[in-house]
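Work through the two exercises below with the sequence and the model at hand. Each task is followed by a stepwise solution.

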Amino acid sequence: MNSLQQQVIDRIRDIVPEERIFLDLSERYSYSYDASFGEYLPDIVIQPSNSIEIAQLVKMANKYLIPVYPRGAATSLSGGPLPVEGGMVLDLSQLNKKHIIDRENLLAIVSPGVITAEVHKSAEEVGLFYPPDPSSSHVSTIGGNLLENSSGPKGLKYGTTKEYVIGLEVVTPTGEIIRTGGSTVKNVTGYDLTRLIVGSEGTLGIVTEVILRLIPKPKARKTLLASFDNLVDSGRAITRILSSGILPGAMELMDNACIRAVENYQPSGLPLDAQALVIIEVDGHPSAIEEEIKQCEELCYQEKATNVKVAQTEEERAEIWKARKMVSPAITQMGPTKISEDATVPRSKIPEMMERLKQIREKYQLNLVVFGHAGDGNLHPNIITDKRNIEEMKRVEDAVSEIFEAAVSLGGTLSGEHGIGTLKAPYMELELGKEGLLMMKKIKEAWDPNNILNPGKIFPKPGQTKVVLRA
């Protein structure tokens, strides 16, 4: 090590105890990847325990121009926490001591390292509800969900994470500790910095405390599973239900490849010959949801559903949702490399997007499977491949580009909930235009003049217009 590097490490040891500093290659390698694509080795990994330590580390990083990469549980599917320029990884998963449910004010006040499923559990124990529910909620952290603006199945009716974050404690890119928002649902004092930080993917600040808005738990819910012989028919059923005046709590889609993968991974009695399955859940007053689930069933049959099963017990409902939750781990078994996307389109364009995905699958002869939160147009096209196959990976790159182009051309967006990270950065100008992207860069430069915080994310490299997935 040169003297500067040793000087930096000595300074870090002044801020954080030795047992929370990791320099060994094996330890650093554990932080070189997430749930997306690519590996980047950090120079050092640190587990801070409070906002003061983080602020001191960030100020030191500015002095020595060291990249800082905040990291939660690393469930990101877009490369959000990857240390693409080396530097310092801050493991915030241990920052999990605060977890308060304020029933009177309908709030949760939590540390960023608290697991999302624990917030669900503690809220429901007192009759409250925290709707954002990504598939990774049993392992992902609130901080990570917040910075990616995750949502999950319930986003259709209840919205995404940004609708529930009303206050933050944040360490800025220059090492100051600030508070944004507060404990009141209404707050229009100045710029809405809270909303700006939510979804910023760790590029504008390191969140150290979160105030979440909770809502009363729905009194009842009913769930059905509908089978279709045609993927586009399932899309028409979804848009038909949404235009009928019913707003389900969730509407999920699985194509035939997903169905077969789940049955192979963990048999659930799903119909292997169905080209698509749609899960619909309605919630609210018991008498209202009985009428709504019946109407949903009728509309599915009108749009050529071959079978509709309405869960009659909580056990049957849980079994339906278990099949959906198994999709991601199941398709991972289909090949060594999984490229996960979440191109999102307006609801009315769902059938057309499904047709475009079918054409892309056939054009590039790829194992492309589709599932996702179809009710809000948030589809998850996943390509199962092998990164060692250079020829196939070239086709994957071209297919990914066409998926994004299709979504944007239909009035959609590059990402509904996975974020931009490294994988979608080359396509930002496609959606935002040159001036829109420039405005975001100006905000980043104003907040982070030394480009210390999570560099290499969101913004494409000069001249980069396409993702490169080959090593």
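This is a predicted model: local features need pLDDT of at least 70, side-chain atom pairs count only at pLDDT 80 or more; totals for chains, interfaces and linings use all residues.

**Exercise 1. The lining of a pocket**

Solution. 

1. Begin with the helices: α7 (193–197) and α15 (428–447) each supply at least two residues of the lining.
2. α15 provides six residues, the largest share of the lining.
3. Of the 31 lining residues, Asn149, Val198, Gly199, Ser200 and Met440 lie nearest the centre of the pocket.

**Exercise 2. The surroundings of a strand**

Take strand β8 (residues 165–171). How many of its residues are buried, and in which sense does β8 pair with β10 and with β9?

Solution. 

1. Apply the cut-off for burial, under 20% relative accessible area. Seven of the seven residues of β8 are buried, and the strand is mostly covered.
2. Consider β10 (residues 206–213): β8 pairs with β10 in the antiparallel sense over six bridges. Within this pairing, Gly167 has Ile211 of β10 as its bridge partner.
3. Turn to β9 (residues 177–181), whose pairing with β8 is antiparallel over five bridges. Here Leu168 stands opposite Thr180.
4. Examine the connection. β8 and β9 form a hairpin with five residues between them. Gly175 lies in the turn and has a positive phi of about 95°.

Technical notes: Residues are numbered from 1 along each chain as its sequence is written. Side-chain values use heavy atoms; hydrogens and water are left out. Buried means under 20% relative accessible area, exposed over 50%, partly exposed in between (1.4 Å probe, protein chains only). Helices (H or I, at least four residues) and strands (E, at least two) are DSSP runs, numbered from the N terminus. Two strands pair if DSSP finds at least two bridges between them. On a 1 Å grid over the protein atoms alone, a cavity is a set of points where a 1.4 Å probe fits but cannot get out, and a pocket is an open set with protein on both sides within 12 Å along at least five of seven lines; lining residues have an atom within 4 Å of a point.
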